[in-house]
Structure formats: structure tokens, C-alpha cells
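Trainee: I would like to work through this model with you. Where shall we begin?

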Amino acid sequence: MRIAIIGYGKMGHAIERIALERGHEIVSVIDAGNTDSFDSEEFASAEAAIEFTTPSTAPANIMRAASKGVPVVCGSTGWAERRAEVEKAVLDAGGALLASSNFSIGVHVFNNISRRLAHIMGKLPQYTPHLAETHHIHKLDHPSGTAITIAEGIIDECPRISGWEDEGILWMNATEQEQEKMTADIARRAKEIPSDKLPVLALRKDEVPGIHVVSWESPVDAITITHSAKSRDGFALGAVMAAEWIASRKGIYTIDQMMDDIL
Ligand SMILES: NC(=O)C1=CN([C@@H]2O[C@H](COP(=O)(O)OP(=O)(O)OC[C@H]3O[C@@H](n4cnc5c(N)ncnc54)[C@H](OP(=O)(O)O)[C@@H]3O)[C@@H](O)[C@H]2O)C=CC1
Ligand SMILES: O=C(O)C1=N[C@H](C(=O)O)C[C@H](O)C1
């Protein structure tokens, strides 16, 4: 299959390697310095484009690719507020889009377990939920797109949780003194979060690929589930599989539709 890569950073490189391993051809690679390549014949020849760039650049990239008739898989996070506008533009162009905050099969499984757990907890008010995500220090957005998706699943399934709130960000490579101040700010903020809201904490450390922890705590115990990515390969493999899946389709799709179809 002919694939175009939009965003040649950490994910773009992992996607290129895995796409080649699966026998695909990379016909175009677009990075910040060569966005005029959207107008090339090579880009238009792609059967799907895989977009992993930044929160601020993803919407225009998706719309530009769709206007060239290329179906898009987008993994960029942090642009949820522009989703309706982007989806309308893709549909108007007769294109296809599958955007997801996380393409890993393991996270899909984790999110299903988290939803089931939240459903049970709807009947057990003594349990209080908490969500924490840890990522590398280069990440631009917080909380992670995956954390927001997991939070939305918990809110859907547990009627006594009406929303999520940002508990703050803890930079674990900061000095001990700075960390003490951040921890105190987070503890103060945590006290202000009402009991019908899910607190979501972001931690930033070294080169961590991505860890998500959901916990439900009662006065007598705690139930904790964790997804920990060992590398970016799980995200990249899922994105390439999504490109294979969307190439022959038109319209807007979710990761759940794709996973339900292939698993
Ligand atoms: N859905 C999922 O499964 C996953 C999602 N992500 C998300 O993917 C995104 C990218 O992550 P990652 O690869 O780690 O980030 P990187 O910073 O490593 O890579 C982003 C790349 O995009 C390039 N870029 C910036 N602007 C444009 C533009 N207008 N057009 C084309 N390319 C551009 C950057 O170029 P330059 O450096 O020159 O500016 C850089 O090479 C993030 O939003 C992250 O949250 C990450 C992992 C998994
Ligand atoms: O920026 C990252 O690295 C990641 N971003 C995604 C997110 O925001 O959820 C997915 C993954 O956790 C890695």
C-alpha cells in the first residue's frame, strides 16, 4: 500500500519503520519544513496518510490531506475543540478520517476494562476515582489525549461522576524544592475538586513513552489498573493498521469501529 507520513518526529520515524516491515511503500514524508509537498503528485498518489504532528498543526494538515483525496489516520492529540470543524471539512471533501488519541491495541483493551470497572463503581459510592498519566518531558499537551478518552469512558459509565478536572502537572525532573512546591499546589487543587468530578493528574519524566493509571479508592482498599507502553511501537503498529483499514473507506470513523472490526 502507498502511505504518506505527515510529521517526521518520534512517531513518524516509528511509523515509517513498521510500515516498511509490513510491506508498504512510503511515497511522501511531510515535516514542518516541506509542507508544500501536500501539493505534490507523490502525496496525491498515497492510499492513506498518517498524521502525527502537534495540537496546533493537526487540523489544517487533516483538511489539506482530505482536500487532495487522501484518507487520513490522525494520532495528534490536543485539538479536540476543532474536531467538529475538521470532520465537516473532511466530509465536505468526500474524504475519510480516523482520529484517535491512542492507536495501541493494549490501550483499547485497557479502556474497555476501565469502562467496565467504572460501570460497577456506579453502584459502590464508597470508591473515589483518580486518573494519572505519565509521559516524556517533550509532550506539548496535558492531560494526555488518552487520559481524556479514558476519563470520558469513566464519565459515560459511572453516573455519579459528571466530568473530569485537571489536577495539575508535576515535572519529576525538576529540583526537589520545585517538586515540593508543585506537589503542594496539586494537593491544594485536589481539595477543591468536587466529589462528582474525576481528578486527572499529569506527570512528566525523562523519556517515558506513556503510562496511564486508573485507581478507585475506598476507606478500606484500592483497586488500580495500569497501562504502561514499553516503547512507541504499539502506537505505530496500530496507526499503520488503521491506515490499511481506512484506505478503502469514506467518512468519519472511530478507533472502536476499527478495533471491533479487526480484533
Ligand atoms: N494517538 C497515538 O497513539 C499517539 C499520539 N501521539 C501524539 O502524536 C503527536 C506527535 O508525537 P511525536 O511524534 O512524539 O512528536 P514529535 O515532536 O517527535 O514530532 C512531531 C513532528 O511533527 C512535525 N511538524 C510540526 N509542524 C508540522 C506541520 N505543520 N506539518 C508537518 N509536520 C509538522 C515536527 O517538525 P519540527 O520538529 O521540525 O517542528 C516533528 O517532526 C503528539 O500530539 C502526540 O501527543 C504520540 C504517540 C501516540
Ligand atoms: O505524546 C505522546 O508521546 C503520547 N501522546 C498520546 C496522548 O496524548 O495520549 C498517546 C500516548 O500516550 C503517547
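**Rings, charges and a surface patch**

Mentor: The charged end of R249 sits over the ring of W245, 3.8 Å from its centre. A charge sits over a ring if NZ of Lys or CZ of Arg is within 6 Å of the ring centre and within 35 degrees of the ring normal. This is a predicted model: local features need pLDDT of at least 70, side-chain atom pairs count only at pLDDT 80 or more, and totals for chains, interfaces and linings use all residues. Residues are numbered from 1 along each chain as written, chains are lettered from A and ligands numbered from 1 in the order written, and side-chain values use heavy atoms, without hydrogens and water.

Trainee: Which residue forms an aromatic pair with W245?

Mentor: Rings of Phe, Tyr and Trp (its six-membered ring) pair if their centres lie within 6.5 Å; planes under 30 degrees apart are stacked, over 60 edge-to-face, the rest tilted. The structure holds 3 such aromatic pairs. One of them is edge-to-face, with 5.2 Å centre to centre and 90° between the planes. The partner of W245 is Y253.

Trainee: What is the angle between the planes of F38 and F43?

Mentor: Both F38 and F43 are buried. Their rings form an edge-to-face pair, 5.1 Å centre to centre. The angle between the planes is 70°.

Trainee: Which helix gives the largest share of the nonpolar patch?

Mentor: Patches take residues with over 30% relative accessible area and no salt bridge; like charges are joined within 9 Å, nonpolar side chains (Val, Leu, Ile, Met, Phe, Trp, Tyr) within 5 Å. Here I105, V109, I113, I262 and L263 form one, with about 410 Å² of accessible area together (Shrake-Rupley, 1.4 Å probe). Helices are DSSP runs (H or I, at least four residues), and strands are E runs of at least two, numbered from the N terminus. The largest share, 3 residues, comes from helix α5.

Trainee: Why does I262 count as partly exposed?

Mentor: I262 is found in helix α9, residues 255-262. I262 counts as partly exposed because its relative accessibility is 37%.

Trainee: Which residue forms a salt bridge with R2?

Mentor: A salt bridge is a side-chain nitrogen of Lys or Arg within 4 Å of a carboxyl oxygen of Asp or Glu. R2 lies in strand β1, residues 2-6. The closest N and O atoms are 3.8 Å apart, and the partner is E47.

Trainee: How many residues apart are R2 and E47?

Mentor: E47 is in the loop between α2 (41-44) and β3 (48-51). The pair links distant parts of the chain. R2 and E47 are 45 residues apart.

Trainee: In which helix is D156, the partner of R115?

Mentor: The salt bridge of R115 and D156 has its closest N and O atoms 3.0 Å apart. R115 is in helix α5. D156 is in helix α6, residues 145-157.

Trainee: Is D156 buried or exposed?

Mentor: R115 is partly exposed, at 24% relative accessibility. D156 has a relative accessible area of 56%, so D156 is exposed.

Trainee: How many salt bridges does the structure hold?

Mentor: One of them joins R82 and E85, at 2.8 Å from N to O. Others share partners and join R17, E21 and D233 into one network. The structure holds 19.

How values were computed
Buried < 20%, exposed > 50% of the residue type's maximum accessible area, 1.4 Å probe, protein only.
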